[in-house]
Amino acid sequence: MSENAMQTRVEEIREIIADVLEVEPEEVSETGLFSEEHDVDSLRAIEILARIEKVYKIDIPQEELPKMVCLKAVCEIVAEYAGWV
Amino acid sequence: MTATLAISGWGVLSAAGTGAQEFAGTLAGAAPSRAADVTAMFEEPLPQDRAHALVGFDVRAHLGRKGTSFFDRSTALALVACGQALADTDLEVGEANTGRVGIALGTTTGSLKASSDYSRETLVNEKSYLVNPILFPNTVMNCASGQAAIWYKLKGVNATIAGGPLAALSALRYARNAISRGYADALLVGAVEEFSPHTAWLTEQLYPEAAGRVPTGEGAAVFVVEAADADRAGRRQPDAEVLALEVGEFAPPGEMPDPASGLAAVIRRALAAADVNAAAVELIVTGESGVPELDAVERDAIAATVPGAPRLLPVKHFTGEARAASGALQIAAVLAHHRADPARDGAVSVVTACSPDGSVGAAVLRGWSRGDGTGQSR
Amino acid sequence: MSRRVVITGLGPVSSIGTGVAAFETALRAGRSGISPISSFDASGFPHRNAGEVTDFDPKGLLHTLDVDAWGRTSLFAAAAARLAVQDSGIDPDVLSGSRAGSSMGTTSGESQVIEAITGQWVRQGWQQSAGAPAAQYPASRLAVAVNRELGLTGEAITLSTACSASNYALGYAYDQILTGAADYMVAGGADSVARWAHAGFFRLGALTKERCSPFDAGRSGILHGEGGAALFLETLESAQARGANIYAELLGYGLNCDAGHMVAPDPVSIAACMRLAHRNAGIYASDVDYICAHGTGTPANDAVEYRAVRDVFGHRTPPISSIKSMLGHAMGAASGFGAIASALAIHSGFLPPTINFTAADPEMTDIDPVPNVARQTRVDVVQNNGFAFGGNNAITILGRAT
């Protein structure tokens with residue numbers, strides 16, 4: 001995947017996360033921890049995973065949830081399961 | 001042993017007005033306003049273009065965005081009404097009494113839209129299980145009361161009562177028991193019903209032949225309820241005392257046991273429990289909705305029990321058929337009737353209700369105006 | 001003299017047995033009620049098991065109700081109530097002529113009715129009349145069905161406080177009798193397996209695949225269950241006067257609300273609820289011989305329940321088992337089944353087991369979950385836990401009627 005295409009995906013994911021966390025996309029930084037910056041709880045974390053699965057038609061095991069702590073980490077996991085390499 | 005309840009503040013959201021003042025003003029007016037154009041509210045088709053819905057209601061305007069985006073409409077309406085009630089009362093709710101203040105909310109089946117849409121997702125999605133986790137709590141009937149507890153930090157008794165048209169009376173009975181038994185000192189008590197294509201179609205189909213039915217409605221009303229004999233030093237006169245709450249279970253109209261004679265017995269019991277002479281009843285707020293067989297239950301029971309000509313107020317002509325919320329809106333109508341009119345201080349009102357299943361109930365209330373005669377809260 | 005409230009009739013309609021004899025036999029045998037889902041097409045789900053009442057026969061159980069006019073959950077409620085009244089031995093005519101009512105709990109009410117209406121909307125559009133189900137979806141009909149089946153004209157209240165709703169319903173019924181507002185009450189709860197809840201629990205990661213194994217090291221979630229649970233309540237005086245079999249006394253209950261999170265339970269708040277229940281029931285923690293756990297089998301619930309129990313009971317924690325290992329999670333009926341199991345534990349002197357137990361969770365090795373095999377022992381006081389979405393905690397305390 002090209003640099004540009006990847007950046008588009010990152011922005012898509014940023015929007016999904018922002019919507020679930022009820023903040024503006026620009027408030028979701030690459031490495032800011034959801035738990036610290038946005039008071040994320042388990043339900044919202046699963047919601048993020050569920051929306052990503054639906055949008056990209058992929059299956060991400062729930063065991064990956066604990067790793068999905070910030071935008072960058074989420075993108076890496078999605079890239080892995082979606083085969084974006 | 002059973003406490004008399006006092007209502008020390010209340011909130012209301014309905015087509016007849018938002019907040020105690022506006023609602024009281026609408027009901028004091030001469031004629032019900034026309035139902036609103038609801039055609040732009042939903043993508044789905046609706047059975048009628050007009051309904052007594054809160055077309056412009058946006059929970060964010062009341063509670064902000066954070067934490068409210070995923071509320072179902074019932075939860076949102078309930079939370080706003082709870083907030084109004086807490087702002088309207090002179091009871092302090094805070095850290096000191098958080099474990100002693102609770103909530104009892106009436107419903108028909110929670111957010112029907114939330115449950116049905118969730119079910120729909122499992123049918124139309126490519127994969128049955130691709131539902132939204134965050135919306136799952138909305139499908140559970142106690143969502144509104146659970147969210148209200150979180151939002152307003154109420155750690156006491158937290159109950160949801162599925163009672164349809166009787167829900168508000170049942171919630172008051174539940175609260176009265178909780179207070180009488182010493183489980184709680186105060187509760188937010190009320191009921192909520194949302195307008196959606198789901199409720200609109202099912203309400204429409206329940207009595208398709210009744211041409212004079214009021215439009216479908218929605219709303220919420222919530223009351224701050226305490227024991228009437230609690231220490232009220234330094235506090236104002238309550239808005240009302242709930243002198244009696246009686247319910248009974250009979251058969252649908254036309255079947256036995258007859259709900260009209262059942263309701264008559266319930267009204268008599270309520271007046272006796274309130275120690276009020278039937279002739280002293282000045283106002284009866286009914287649940288009549290223009291469905292002849294149901295309206296007849298209330299009319300016949302009232303004619304048999306309350307002599308003379310008390311004023312009858314069928315509040316659904318202002319609020320629409322708001323199912324579970326209706327009972328709460330009826331009680332709100334009694335409070336509205338007193339709010340700005342000291343001449344009515346101490347007057348006795350009765351609220352009656354009847355469900356299509358033959359559940360009936362009656363409440364007896366004695367109300368007062370707000371001291372300065374303006375109807376303003378403190 | 002204050003009135004005392006006793007349980008003289010039990011009516012379970014469950015995946016492990018219908019009627020008190022079958023239910024007790026199954027509890028003692030540690031029977032599993034889990035089977036492949038048949039009430040809806042579960043082929044699109046990775047997990048396809050639940051504790052359905054596959055042999056539910058409303059026509060055979062009900063005397064009065066027209067079964068076609070009521071949804072499945074109301075029929076569960078009414079059938080359980082009929083069984084409880086039959087078990088109590090009271091003359092049905094005496095009962096219907098008395099100050100009597102019902103108090104039933106539920107999570108999802110008439111979920112299958114709502115799903116049927118929804119299915120029709122999806123297939124045929126909104127304009128298509130829902131027909132009879134339009135009148136059948138209100139959850140209030142659960143208690144109404146009980147009253148109608150038994151001919152009771154007293155209050156019929158349906159408490160929809162999710163998965164602890166039966167304990168709410170029992171508590172309210174207890175107060176009605178204690179205060180003299182009613183002389184007889186039928187109390188419990190009912191729920192039906194539904195596709196939407198199956199999907200929701202699966203998506204939350206709360207649903208296990210094959211077996212529900214509460215308190216086990218390898219536990220991985222709930223299995224959805226269903227059924228109706230009803231208990232017949234009256235005063236001790238009334239029960240003695242008619243020579244009724246008394247299973248247990250309802251000593252009291254406690255309610256509170258986490259007010260913290262809709263889904264995640266709070267051990268501090270749950271511990272407070274236990275203490276409240278003990279105080280209201282007039283007992284000490286040390287009086288409790290057995291805890292009928294909420295024990296859903298999710299990693300989170302069981303860990304939180306363990307922490308709360310340890311906080312309240314310390315090193316003297318009594319045996320704590322979960323009948324959800326057998327029944328699955330019957331939602332609003334769950335704590336009703338718990339109350340029935342608790343009454344039987346006292347009356348017949350045994351502890352129901354936690355089945356599917358293979359290895360203790362290393363974090364909770366110091367509790368006794370009554371692994372796999374029922375235990376014969378004298379039980380005088382039971383704590384029946386119920387927790388729920390919305391932080392609705394409700395705990396009932398049952399004791400030997402002496």
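A: A:E47 forms a salt bridge with A:R51, and their closest N and O atoms are 2.7 Å apart. The term salt bridge covers a side-chain nitrogen of Lys or Arg within 4 Å of a carboxyl oxygen of Asp or Glu. This is a predicted model: local features need pLDDT of at least 70, side-chain atom pairs count only at pLDDT 80 or more, and totals for chains, interfaces and linings use all residues. Residues are numbered from 1 along each chain as its sequence is written, chains are lettered from A and ligands numbered from 1 in the order in which they are written, and side-chain values use heavy atoms, with hydrogens and water left out.

Back to the pair. A:E47 and A:R51 both sit in helix α3 (residues 42–56) of chain A. They are four residues apart, about one turn of the helix. Helices (H or I, at least four residues) and strands (E, at least two) are DSSP runs, numbered from the N terminus. A:E47 has a relative accessible area of 0%, so it is buried. Buried means under 20% relative accessible area, exposed means over 50%, and partly exposed is in between (1.4 Å probe, protein chains only).

Over all chains, a search of the whole structure finds 44 salt bridges. Take B:R73 and B:E218, whose side chains meet in a salt bridge at 2.7 Å, N to O. B:R73 is in helix α3 (residues 73–88) of chain B. B:E218 is in the loop between α7 (197–206) and β8 (219–227) of chain B. The two are 145 residues apart. B:R73 is buried, because its relative accessible area is 19%. B:E218 has 0% relative accessibility, so it counts as buried.

Next come B:D90 and B:R235, whose side chains also meet in a salt bridge, at 2.8 Å, N to O. B:D90 lies in the loop between α3 and β5 (101–107) of chain B, and B:R235 in the loop between β8 and β9 (240–249) of chain B, so this pair ties together parts that are 145 residues apart in sequence. B:D90 counts as buried, because its relative accessibility is 12%. B:R235 has a relative accessible area of 22%, so it is partly exposed. Chain B also has a salt-bridge network, which links B:D88, B:D239, B:R339 and B:R370.

Now cross between chains. Four salt bridges are found across the interface of chain B and chain A. B:E121 forms a salt bridge with A:K54, with the closest N and O atoms 3.0 Å apart. By class, the side of chain B that touches chain A has eight nonpolar, five polar and five charged residues. Ala, Val, Leu, Ile, Met, Phe, Trp, Tyr, Cys and Pro count as nonpolar, Asp, Glu, Lys and Arg as charged, and the others, Gly among them, as polar. The contact (heavy atoms within 4.5 Å) takes 18 residues from chain B and 17 residues from chain A. Between these chains, eleven residue pairs are in polar contact, both at pLDDT 80 or more. A polar contact is a pair of N or O atoms within 3.5 Å; within protein, one must be able to donate a hydrogen and the other to accept it, and residues adjacent in sequence count only if both atoms are side-chain atoms. About 1,400 Å² is buried between chain B and chain A, and carbon and sulfur atoms give 47% of it. Buried area is the accessible area (1.4 Å probe) that two parts lose on being put together, summed over both.

The area buried between domain 1 and domain 2 of chain C is about 4,600 Å², with 67% given by carbon and sulfur atoms. On the domain 1 side, C:N167, C:F215 and C:R219 lose the most area to domain 2, together 18% of what that side buries. Two salt bridges are found across this interface. C:R219 forms a salt bridge with C:D302, with the closest N and O atoms 3.6 Å apart.
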